[in-house]
Amino acid sequence: MVDPGRCTNNAWAFDPEHELADRVGMAMVRLNKMHAQMSHQMAKQGMDKSAFVLLATLSGLGECRSSALAEAVLSDPSTVSRQVAALVKDGLVERHADPADGRASVLAVTEAGRTLIKNRRRQRNEAIELMFAEWPEEEFKLFAELFERFVQDYERTVPSYLTDRGTGTRAGGED
């Protein structure tokens, strides 16, 4: 059986100096492929990935303006505004007047939105626990610690990496 993390086509040859980075990168490609399949299943159930990311991010931030939510997810405010409108229509998010400036509105997750997040989080955690069922507890814990560190470094490094190369962190190369 061919290891799906290793490309055998010479067109995909990599520099041996970067073998570890290539291994991590190829593992991320495989992980993204599986994540895309899960996102497709979510979309069939009526919730696309980007909408769920907005909902979960808003839940973590607490009440905030749409512009702050767009900044938090590194997205264009007009795109977030359209996605939020759908979440409001679905009863997962509500708008109300900003106490600091009555002319503006803030977004908040509704009870239905919190319930959805709670259910999806439970499902996700159950699936992850299944993946690690055969791992010793110490290895699972170590993986969690190292993965959290990786994600923190990824979140810190990638936006500046993209900006330094002129591609920006948002669609269209804008920051």
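**Confidence and layout**

Guide: This is a predicted model. The mean pLDDT of the protein chain is 86, and 86% of the residues score at least 70.

Visitor: Which elements have the lowest and the highest mean pLDDT?
Guide: Helix α1, residues 19-44, has the lowest at 86, and helix α4, residues 77-89, has the highest at 94.

Visitor: Where does pLDDT stay under 50?
Guide: Over residues 171-175. The model has 10 contacts beyond four places in sequence for that stretch. Where pLDDT is low, predicted coordinates should not be read in detail.

Visitor: How much of the chain is buried?
Guide: 20% of the 175 residues count as buried. The chain exposes about 12900 Å², with carbon and sulfur atoms supplying 56% of that area.

Visitor: And what share of the contacts join residues at least 24 apart?
Guide: 42%, taken among contacts between residues at least 6 apart in sequence.

Visitor: OK, on to the core. Which residues touch the most other members of the largest nonpolar one?
Guide: Met47, Leu55, Leu58, Leu69 and Leu87, out of 19 residues in that core. Each of α2, α3, α4, β2 and α5 (111-131) supplies at least two of its residues. The largest share is from α2, with 5 residues.

Visitor: What does Leu55 touch?
Guide: Leaving out neighbours within four places in sequence, Leu55 is in contact with Met47, Leu87, Leu92, Val93, Val109, Gly113, Leu116 and Ile117.

Visitor: And Leu69, where is that one?
Guide: Leu69 is in helix α3, residues 66-72.

Visitor: Is Leu69 buried or exposed?
Guide: Leu69 is buried, at a relative accessible area of 1%. Beyond four places in sequence, Leu69 touches Leu54, Thr57, Leu58, Leu61, Cys64, Val80, Val84 and Leu107. Thr57 is 12 residues from Leu69 along the chain, and their C-alpha atoms are separated by 7.4 Å.

Visitor: Leu61 is on that list. Which helix does Leu61 lie in?
Guide: Leu61 lies in α2. Its relative accessible area is 46%, so Leu61 counts as partly exposed.

Visitor: Switching to α4. Which of its residues are buried?
Guide: Val80, Val84 and Leu87. Seen down the axis of α4, the buried residues fall within an arc of 55°, so they line one face of the helix.

Visitor: Why would residues a few places apart end up pointing the same way?
Guide: An α-helix has 3.6 residues a turn, so residues three or four places apart point the same way.

Visitor: What do the buried residues of α4 pack against?
Guide: They pack against α2 (49-61), α3, β1 (93-98) and β2 (101-109). The face of α4 turned away from the buried side carries the exposed residues Arg82 and Lys89.

Visitor: What span does α4 have?
Guide: From first C-alpha to last, the 13 residues of α4 reach 18 Å, close to the 18 Å expected at 1.5 Å a residue.

Visitor: How does α1 do on that check, for its 26 residues?
Guide: The end C-alpha atoms of α1 are 38 Å apart, which agrees with the 38 Å its 26 residues should span at 1.5 Å a residue. The buried residues of α1 are Asp22, Met26, Ser39 and Met42. Their cover includes α2 and α5.

Visitor: Last topic, backbone angles. Which residue other than glycine has a positive phi?
Guide: Leu74 is one, with phi near 55°. Leu74 sits in the loop between α3 and α4. At 42% relative accessibility, Leu74 counts as partly exposed.

Visitor: And which residue with positive phi follows α4?
Guide: Gly91, with phi near 80°.

Methods:
Residues are numbered from 1 along each chain as its sequence is written. This is a predicted model: local features need pLDDT of at least 70, side-chain atom pairs count only at pLDDT 80 or more; totals for chains, interfaces and linings use all residues. Side-chain values use heavy atoms; hydrogens and water are left out. Buried means under 20% relative accessible area, exposed over 50%, partly exposed in between (1.4 Å probe, protein chains only). Contact means heavy atoms within 4.5 Å. Accessible areas come from the Shrake-Rupley method with a 1.4 Å probe; for residues, only the protein chains shown count as cover. pLDDT is the predictor's confidence in each residue, from 0 to 100. Helices (H or I, at least four residues) and strands (E, at least two) are DSSP runs, numbered from the N terminus. The expected span of a helix is 1.5 Å times one less than its number of residues. The arc is that of the directions from the helix axis to the C-beta atoms. A nonpolar core is a set of buried Ala, Val, Leu, Ile, Met, Phe, Trp, Tyr and Cys residues joined through side-chain atoms within 4.5 Å.
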